[in-house]
Amino acid sequence: MQTLRLPARFDYLDEIREFVGNIARQNGFDGKDVYNIQLAADEAASNIIEHAYKDRTDGEIQISCGLEAERFTVVLVDYGKSFNPSHAPLPNLSADLAKRRIGGLGIFLIYKLMDEVYYQSNPDKSNTLTLVKRRA
Amino acid sequence: MEITHQEFKRCDLFKLIGRIDSATAPQFAKALEKAVGSGKYKLVLDMSELEYMSSAGFRALLAAQRAAKKYNRGEVTLASMPDRIHEAFDLAGFTELFKIFDDPLQAVGHF
């Protein structure tokens with residue numbers, strides 16, 4: 001696993017996508033999978049910046065990724081507020097334009113794009129989000 | 001991200017260039033709000049040179065579509081959407097909320 005530590009700011013999302021994208025490509029994932037892994041990592045990091053570190057500008061995100069036993073794994077660690085994504089309300093995809101909710105879309109996409117998603121709040125006050133894409 | 005603007009007789013064409021994520025979506029949302037706020041309700045967004053769009057961009061599109069369609073005065077249409085972006089757009093359930101054209105001129109001709 002390779003690890004990157006970055007300030008929890010939206011202007012570092014480019015760097016996060018590049019980091020996971022390069023490692024996914026090196027591990028033989030095709031363009032479509034690389035894009036989807038980048039999108040999932042971006043949505044996860046965006047949620048951490050927006051919610052876990054709400055009203056804070058000193059937050060940090062640690063992101064690790066690599067291939068283990070045919071499973072491409074992305075691990076994001078933050079020290080902000082805990083938020084279990086599996087508790088997020090799902091967007092109503094059949095609602096018409098007026099009723100379509102704007103929140104929750106990023107988390108919904110993460111679950112759709114990746115094969116496995118795990119969330120854990122740790123005793124040291126950190127939170128760990130693990131995303132897995134299996135290599136076909 | 002960059003946005004270029006071209007005015008047509010019956011609609012306005014915006015070309016989106018680069019990447020739209022949480023960092024750049026506010027700029028994108030502002031450009032769309034400005035257009036609708038100045039009475040441009042019939043919009044074509046040319047995505048042929050758009051490399052990436054996250055849900056932050058989808059949310060900006062949704063807000064613009066709501067504003068443009070108000071009182072049946074217009075709508076936001078999309079053109080030349082790259083496959084990867086289209087797939088994520090589909091997963092998000094957004095495809096049915098927008099008319100999507102193969103190329104911008106077809107979209108302009110629709111108005």
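What follows is a walk through selected parts of this model.

This is a predicted model, in which local features need pLDDT of at least 70 and side-chain atom pairs count only at pLDDT 80 or more, while totals for chains, interfaces and linings use all residues. Residues are numbered from 1 along each chain as its sequence is written, chains are lettered from A and ligands numbered from 1 in the order in which they are written, and side-chain values use heavy atoms, with hydrogens and water left out.

We begin with a helix of chain A. Helices (H or I, at least four residues) and strands (E, at least two) are DSSP runs, numbered from the N terminus. Helix α1 of chain A covers residues 13-26, and its 14 residues should span 20 Å at 1.5 Å a residue, which agrees with the 20 Å between its end C-alpha atoms; the expected span is 1.5 Å times one less than the number of residues. Among the buried residues of α1(A) are A:Leu13, A:Ile16, A:Phe19, A:Val20 and A:Ile23, where buried means under 20% relative accessible area, exposed over 50%, and partly exposed in between (1.4 Å probe, protein chains only). An α-helix has 3.6 residues a turn, so residues three or four places apart point the same way. The cover over the buried residues of α1(A) includes β1, α2, β2 and β3 of chain A, together with β2 and β3 of chain B. Just after α1(A) comes A:Gly28, which takes a positive phi of about 85°.

In chain B, the loop between β3 (42-53) and α2 (55-69) holds B:Ser54. Is this residue, B:Ser54, buried or exposed? B:Ser54 counts as buried because its relative accessible area is 1%. Leaving aside residues up to four places away in sequence, B:Ser54 touches A:Leu39, A:Asp42 and A:Glu43 as well as B:Ile20, B:Asp21 and B:Ser22, a contact being heavy atoms within 4.5 Å. The helix α2(B) has 15 residues and reaches 21 Å from its first C-alpha to its last, close to the 21 Å expected. Its buried residues include B:Ser55, B:Phe58, B:Leu61, B:Leu62 and B:Gln65, and α2(B) is followed by B:Tyr71, whose phi is positive, near 55°.

On a 1 Å grid over the protein atoms alone, a cavity is a set of points where a 1.4 Å probe fits but cannot get out, and a pocket is an open set with protein on both sides within 12 Å along at least five of seven lines; lining residues have an atom within 4 Å of a point. Grid points are joined across faces, edges and corners, and a volume is the space filled by probe spheres set on the points. The largest pocket has a volume of about 250 Å³. It is lined by 19 residues, of which A:Asn47, A:His51, A:Gly103, A:Gly104 and B:Arg59 are the closest to its centre. The helix α2(A) gives the most to this lining, with five residues. The structure also holds one cavity of 30 Å³ or more, and the largest cavity has a volume of about 160 Å³. Of the 15 residues that line the largest cavity, A:Asn47, A:Ile48, A:Phe83, A:Tyr119 and A:Leu129 are the closest to its centre.

Finally, consider the cysteines. A:Cys65 counts as buried because its relative accessibility is 1%, and B:Cys11 counts as buried at 3%. A search of the whole structure finds zero disulfides over all chains, a disulfide being a pair of cysteine sulfur atoms within 2.5 Å.
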